[in-house]
Amino acid sequence: MLLKLLHKFLFDKILYISESVKQILLNIGVCENRCFYLTSCVDTQKLMQTQSSFREEFGIAKDALVIGTFTSLYPKKGVFDFANAAKEVLKVYPEAIIVFGGKISEGIKEAIAKEFESQSKVIFTGFREDALNVIKAFDVYVFASHTEGLGTVLLEAMCSGVPIVVYDQPPMSVLIEHKQRGLCAKYLDSTDLSRQILCLIKDKNAGEAYAQNALNYVKNFDDCALKSALMELIKQTEQHLKGI
């Protein structure tokens with residue numbers, strides 16, 4: 001209750017990073033004219049120039065099929081959803097390599113490892129700061145998070161040139177518009193998640209087109225966009241103060 005009152009009456013402007021966050025603010029009674037969109041941003045030029053050494057690091061052949069995720073690996077981030085989908089993919093492509101990239105607890109790691117018959121096909125990277133180095137080694141990147149404010153790692157992945165699968169849930173499904181910038185699986189449906197992954201494996205031309213569209217779209221979230229938004233925020237704040 002206190003938090004709602006603070007948001008409704010204390011602040012002149014409240015920043016939101018996605019439409020889903022804005023909707024939360026509107027639902028608790030914040031006036032729309034007090035909401036200000038301030039995008040998350042990534043250094044798109046630097047990220048696009050990243051060269052991946054991940055396959056060499058882990059001894060993965062250049063022509064090997066690699067399906068992976070990279071995020072904080074806990075249930076709400078879809079780690080078990082991805083694991084279930086990956087098992088279905090391995091039924092069709094038994095030689096595929098499955099990568100769980102990012103921080104993971106030993107308990108979750110052990111639980112997931114037990115799900116796979118051949119653990120030699122599964123890689124757990126542990127915590128790493130070089131997300132794009134890992135993602136660029138994938139043939140398909142899967143981001144099965146259940147909910148996000150925006151998802152900075154997803155923005156980074158859009159700079160990779162790798163086709164992406166997410167759930168059909170905002171804001172992920174807004175960034176990765178279905179059959180435009182990637183594929184969206186039915187929300188919380190790991191079976192459909194595997195279907196979408198398999199679609200990208202089988203139709204490489206479509207995957208390349210989606211990845212290129214994602215590269216073009218993510219430029220809307222680069223440093224310049226943030227600078228422009230900050231300048232507009234300063235301008236609106238100055239106008240408000242003059243009116244007091």
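The model is predicted. Its protein chain contains 12 helices and 8 strands. The chain has 244 residues, and 48% of them count as buried.

Strand 3 covers residues 66–70. Burial was examined along this strand. Of its 5 residues, 5 are buried, so the strand is largely enclosed by the rest of the structure. In a regular strand, side chains alternate between the two faces of the sheet. Strand 3 can be read in these terms. Val66, Gly68 and Phe70 point one way. Ile67 and Thr69 point the other way. Both sets are buried. Strand 3 is paired with strand 4, and the two run parallel. They are joined by 5 bridges. Thr69 has Phe100 of strand 4 as its bridge partner.

The loop between strand 3 and helix 5 contains Ser72. Ser72 has a relative accessible area of 35%, so this residue is partly exposed. Beyond its neighbours within four places in sequence, Ser72 contacts Lys77 and Lys103. Ser105 lies 33 residues from Ser72 in sequence. In space, the C-alpha atoms of Ser72 and Ser105 are 9.7 Å apart.

Helix 5 spans residues 79–92 and includes Phe80. The relative accessibility of Phe80 is 31%, so Phe80 counts as partly exposed. Its contacts, leaving aside neighbours within four places in sequence, are Pro75, Ile108, Ala111 and Ile112. Phe80 and Ile112 are 32 residues apart along the chain. Their C-alpha atoms are separated by 7.2 Å.

Ile112 belongs to helix 6, which runs over residues 106–113. Which residues of helix 6 are buried? They are Ile108, Ile112 and Ala113. Viewed down the helix axis, these buried residues fall within an arc of 130°, so they line one face of helix 6. An α-helix has 3.6 residues a turn, so residues three or four places apart point the same way. The cover over the buried residues of helix 6 includes helix 5, strand 4 (97–101) and strand 5 (122–126). Ile108 and Ile112 are also among the contacts of Phe80.

Is Thr44 buried or exposed? Its relative accessibility is 4%. The cut-off for burial is under 20% relative accessible area. Thr44 therefore counts as buried. Residues up to four places away in sequence aside, Thr44 touches Cys159, Val218, Lys219 and Asp222.

Open space was considered last. Rolling a probe the size of a water molecule over the atoms shows where empty space is left. The largest pocket holds about 240 Å³ of space. Its lining includes Lys87, Leu90, Lys91, Pro94 and Glu95. Glu115, Phe116, Glu117, Ser118 and Lys121 also line this pocket. By class, the lining has 6 charged, 3 nonpolar and 1 polar residues.

Key: Residues are numbered from 1 along each chain as its sequence is written. This is a predicted model: local features need pLDDT of at least 70, side-chain atom pairs count only at pLDDT 80 or more; totals for chains, interfaces and linings use all residues. Side-chain values use heavy atoms; hydrogens and water are left out. On a 1 Å grid over the protein atoms alone, a cavity is a set of points where a 1.4 Å probe fits but cannot get out, and a pocket is an open set with protein on both sides within 12 Å along at least five of seven lines; lining residues have an atom within 4 Å of a point. Grid points are joined across faces, edges and corners, and a volume is the space filled by probe spheres set on the points. Ala, Val, Leu, Ile, Met, Phe, Trp, Tyr, Cys and Pro count as nonpolar, Asp, Glu, Lys and Arg as charged, and the others, Gly among them, as polar. Buried means under 20% relative accessible area, exposed over 50%, partly exposed in between (1.4 Å probe, protein chains only). Helices (H or I, at least four residues) and strands (E, at least two) are DSSP runs, numbered from the N terminus. The arc is that of the directions from the helix axis to the C-beta atoms. Contact means heavy atoms within 4.5 Å. Two strands pair if DSSP finds at least two bridges between them.
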